[in-house]
Structure formats: structure tokens, C-alpha cells
Amino acid sequence: MKIKSFLARPFASYVYKTVQKGMTTAVADQEAILKELLRVGSQTVFGTEHKLGDVKTYEEFKQAVPVRDYEQFASYINLVKEGRHNILWKGLPIYFAKTSGTTSGVKYIPISKDSISNHINTARNALLCYMASTGNSAFSDGKLIFLSGSPELERVGGIPTGRLSGIVNHHVPGYLRTNQLPSYETNCIEDWETKLDKIVGETVDQDMRLISGIPPWVQMYFDRLTEIKKKPVKDIFPNFSVLVHGG
């Protein structure tokens with residue numbers, strides 16, 4: 001057992017026990033979180049217009065803020081782009097996650113200083129819980145790949161903007177950076193086919209143990225690997241033991 005996996009075990013056990021304990025108070029925790037969101041949100045333009053200061057229960061919240069599509073948020077997003085503070089949340093977001101789905105074209109999703117930890121720590125805690133529950137920590141001693149969008153960010157209304165996966169890449173813990181592939185330069189390539197070839201070239205002969213990405217990207221990565229090596233992924237990477245996906 002190498003130093004990273006050795007040091008990770010006690011931290012993984014601590015996080016796992018904390019998550020297990022949290023499961024017993026989930027309902028009360030969610031009610032407390034809702035109250036805090038309402039308290040802060042009531043001071044925003046959105047909160048004032050929706051009278052969040054008068055909302056006391058989840059049922060009242062559902063009535064005050066019915067489900068809607070992105071277009072019904074677009075006017076608020078445009079105000080944020082103009083540099084207006086306290087529109088959807090206090091201050092300005094620290095990022096815009098830029099995404100395009102099946103509706104509404106390009107969408108800009110604000111990520112606040114208060115919410116960024118949900119994107120980072122949740123993924124971290126999932127891996128630590130996996131370590132604690134399975135006893136497998138050896139994957140942290142090998143190479144890890146995060147198939148993501150480009151970490152290069154543009155600015156929209158002065159706010160750093162890019163794919164969520166590219167934003168999250170900026171928050172990969174330093175202790176994992178030495179294990180992380182592909183290189184920063186390769187990650188910045190916009191054309192996916194070109195990028196995929198570079199990723200395969202950088203990883204095909206490495207000791208890959210954890211592979212992460214949205215399913216279509218992972219599938220294309222695996223297909224290209226097997227096409228080049230003429231054998232299944234389990235034989236290309238015999239120590240590969242953890243697949244992390246989202247999206």
C-alpha cells in the first residue's frame with residue numbers, strides 16, 4: 001500500500017461515518033437548509049418578487065415558486081450578465097456553467113460561492129465512501145482520468161464561464177494532480193475527435209485505475225482504446241477498478 005492510499009483510509013472512514021450519521025437526520029437537515037435558503041433568498045430580486053420572506057413551509061415554497069423552464073429564468077440571468085448583484089442569490093455568482101440541452105439553446109447556470117462545494121465535495125465524498133465500504137483505496141496510487149470539457153474559461157459579464165466539468169477541473173485537489181490525466185494542454189483542446197486521440201495517446205500505456213466522465217465520452221474513449229490495442233479495456237488496464245460517471 002502506497003502513501004496516498006494509506007493516508008486516505010482514516011479520512012475515508014471519517015467521511016463515511018459522517019454520511020451514514022447524516023442519513024438519520026436527512027429530513028430535518030433538508031428543512032433547515034430550506035429555511036436558510038429562504039432567509040438569504042428573500043433578500044434578492046427573485047426572492048422579493050416571489051415573496052420568499054413570507055414562505056414558512058415546503059408546501060408554501062411550491063406555491064410561491066412553481067416549476068418552470070429556463071426561459072422563465074432568462075430575464076434574471078440577463079440581469080446577472082449585466083453585473084447586477086443580488087438577483088437570484090446574494091452578490092454575483094463566481095461562475096456561469098454554460099450548457100446546451102434539448103431546449104432553450106445555450107443556457108447559463110449561475111454557480112455561487114455557497115454552492116460550489118456541492119459540486120466538489122459530493123464527488124470527493126462518494127469516492128471516500130466507496131473506499132471505506134469496499135476497502136479499495138489502491139486506485140488512488142495509480143493514474144486517474146477526468147474526461148471533461150476544456151478548463152479554459154471565457155468571461156460573460158465579467159464572470160468566468162465554461163462547461164461545468166471544465167470548472168470542476170479547477171478544483172481537483174492538489175494531492176490528486178500528480179496522478180491526473182490527461183495533461184492540461186490536452187484538456188484545453190476544443191475539437192473532441194482531436195482531443196480523444198490525444199487522450200488515448202497519453203493514457204493507453206499508463207496504469208489507469210479510475211476513469212471518470214459522462215457516459216458517451218467514456219464509451220467513445222473505451223471504443224478508441226479497444227480499436228487501437230485490439231483487446232478489451234480490462235486487459236489494457238488490469239488495475240482499473242473505479243468508474244465515475246454523471247450527466
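**Figure 1. Helix H2 and the lining of the second largest pocket.** In this predicted model, helix H2 gives 6 residues to the lining of the second largest pocket, the largest share. The space in this pocket is about 860 Å³. Its lining counts 32 residues, and the closest to the pocket centre are Leu37, Leu88, Trp89, Pro110 and Ser112.

Figure 2. Is Tyr108 buried or exposed? Its relative accessible area is 14%, and the cut-off for buried is under 20%, so Tyr108 is buried. Beyond its neighbours within four places in sequence, Tyr108 is in contact with Tyr70, Ile77, Lys81, Phe96, Ala97, Lys98, Val156 and Thr161. For a sense of distance, look also for Gly166, which is 58 residues from Tyr108 along the chain. The C-alpha atoms of Tyr108 and Gly166 are separated by 14 Å.

**Figure 3. Asn121 in helix H6, with His171.** Asn121 has its place in helix H6, which covers residues 116-134. With a relative accessible area of 31%, Asn121 is partly exposed. How far apart in space are Asn121 and His171? From C-alpha to C-alpha the distance is 9.8 Å, while 50 residues separate Asn121 and His171 in sequence.

**Figure 4. The cis peptide bond between Leu181 and Pro182.** Here you can check a backbone detail: Leu181 and Pro182 are joined by a cis peptide bond. The omega angle of this bond is about 0°. To find the proline, go to the loop between strand S6 (180-181) and helix H9 (184-187), where Pro182 is found.

**Figure 5. Asn86, a residue with positive phi.** Asn86 is not a glycine, yet its phi is positive, at about 55°. You will find Asn86 in the loop between H5 and strand S1 (95-100). Its relative accessibility is 34%, so Asn86 counts as partly exposed.

**Figure 6. Lys230, also with positive phi.** Which loop holds Lys230? Lys230 is in the loop between helix H11 (215-229) and helix H12 (233-236). Its phi is positive, at about 60°, although Lys230 is not a glycine. Lys230 has a relative accessibility of 69%, and exposed means over 50%, so Lys230 counts as exposed.

**Figure 7. The whole chain, as a setting for the close-ups.** The protein chain has 12 helices and 8 strands. Its C-alpha atoms fill a box of roughly 60 × 45 × 30 Å along the principal axes. Of the 247 residues in the chain, 36% are buried. The accessible surface comes to about 14500 Å², and carbon and sulfur atoms account for 57% of it. As for charge, the chain carries 30 positive and 25 negative side chains, and the centres of these two sets lie 6 Å apart. Among contacts between residues at least 6 apart in sequence, 62% join residues at least 24 apart.

Key. Residues are numbered from 1 along each chain as its sequence is written. This is a predicted model: local features need pLDDT of at least 70, side-chain atom pairs count only at pLDDT 80 or more; totals for chains, interfaces and linings use all residues. Side-chain values use heavy atoms; hydrogens and water are left out. Helices (H or I, at least four residues) and strands (E, at least two) are DSSP runs, numbered from the N terminus. Buried means under 20% relative accessible area, exposed over 50%, partly exposed in between (1.4 Å probe, protein chains only). Contact means heavy atoms within 4.5 Å. Accessible areas come from the Shrake-Rupley method with a 1.4 Å probe; for residues, only the protein chains shown count as cover. Lys and Arg count as positive and Asp and Glu as negative; His and the chain ends are not counted. The place of a charge is taken as NZ of Lys, CZ of Arg, CG of Asp or CD of Glu. On a 1 Å grid over the protein atoms alone, a cavity is a set of points where a 1.4 Å probe fits but cannot get out, and a pocket is an open set with protein on both sides within 12 Å along at least five of seven lines; lining residues have an atom within 4 Å of a point. Grid points are joined across faces, edges and corners, and a volume is the space filled by probe spheres set on the points.
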